[in-house]
Amino acid sequence: MSERLNKILEQYKDTIVAQLKSRIISDDKVATGDLEKSITGIVEGTSISIFASEYWYVVNYGRKPGKKMPPIRPIMEWMKARGIETYKKNKKKGNRTVAWVIAKKIGDEGIQGTNFFWETINSIVPSITKDIEQSYLKDINDQLNGNKKT
């Protein structure tokens, strides 16, 4: 792989990661910040790989109704991060009850996804395609002209 292409891929990796994080923030999907912090990327050969916490999938695609309830513990963590607390005598039991009700509703009715991942990727595809094409053309031109710089 040419240095030119590697530089382009590294730049776009950084752009993709930054835009995904920005999109999560603008979609108001930051509670604990774990998903945003988990988004990273690496360039492997001629590919860019993006990594994130496994629940990116639910944030992106949503969850269909009629499915099993999601686990209660992450909902309790989300409630705490969002400042949602019950004010009963037994606060922990009250919060667990509210988390169970939220989980039951998600299981019954589902939740809408944001499509943040694919909308971000699709917005970048035209520019990365053009830049990679230009990189290959410059590499070919360099080789035809006897330049060693690729």
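This is a predicted model: local features need pLDDT of at least 70, side-chain atom pairs count only at pLDDT 80 or more; totals for chains, interfaces and linings use all residues.
Okay, one term before we start: two strands count as paired when DSSP finds at least two bridges between them.

Strand β1 covers residues 40–44 and strand β2 covers residues 47–51; they run antiparallel, and 5 bridges join them. There are 2 residues between the strands, and Gly-45 in this hairpin has a positive phi near 65 degrees. Across from Glu-44 you'll find Ser-47 of β2.

Let's zoom out to the whole chain. We have 6 helices and 4 strands, and along the sequence they go α-α-β-β-α-β-α-α-β-α. The radius of gyration is 22 Å, while the globule rule gives 15 Å for 150 residues, so this chain is more spread out than a compact globule. You can see that in the C-alpha trace too, which spans about 80 × 25 × 20 Å along its principal axes. Of the 150 residues, 29% are buried.

Next, the largest pocket. Its volume is about 920 Å³. It is lined by 26 residues, and the closest to the centre are Tyr-55, Val-58, Val-59, Trp-78 and Ile-111. The elements giving two or more residues to that lining are α2, α3, α4, α5 and β4. Helix α4 provides the largest share, with 5 residues. By class, the lining has 14 nonpolar, 4 polar and 8 charged residues.

Is Asp-139 buried or exposed? Asp-139 sits in helix α6, residues 116–144. Its relative accessible area is 9%, and the cut-off for buried is under 20%, so Asp-139 counts as buried. Its side chain also makes a polar contact with the side chain of Ser-2, at 2.8 Å.

Then there's Glu-54, in the loop between β2 and α3. Glu-54 has 73% relative accessibility, so it counts as exposed.

Note on methods
Residues are numbered from 1 along each chain as its sequence is written. Side-chain values use heavy atoms; hydrogens and water are left out. Buried means under 20% relative accessible area, exposed over 50%, partly exposed in between (1.4 Å probe, protein chains only). A polar contact is a pair of N or O atoms within 3.5 Å; within protein, one must be able to donate a hydrogen and the other to accept it, and residues adjacent in sequence count only if both atoms are side-chain atoms. On a 1 Å grid over the protein atoms alone, a cavity is a set of points where a 1.4 Å probe fits but cannot get out, and a pocket is an open set with protein on both sides within 12 Å along at least five of seven lines; lining residues have an atom within 4 Å of a point. Grid points are joined across faces, edges and corners, and a volume is the space filled by probe spheres set on the points. Ala, Val, Leu, Ile, Met, Phe, Trp, Tyr, Cys and Pro count as nonpolar, Asp, Glu, Lys and Arg as charged, and the others, Gly among them, as polar. The radius of gyration is taken over C-alpha atoms; the globule rule is 2.2 Å times the number of residues to the power 0.38.
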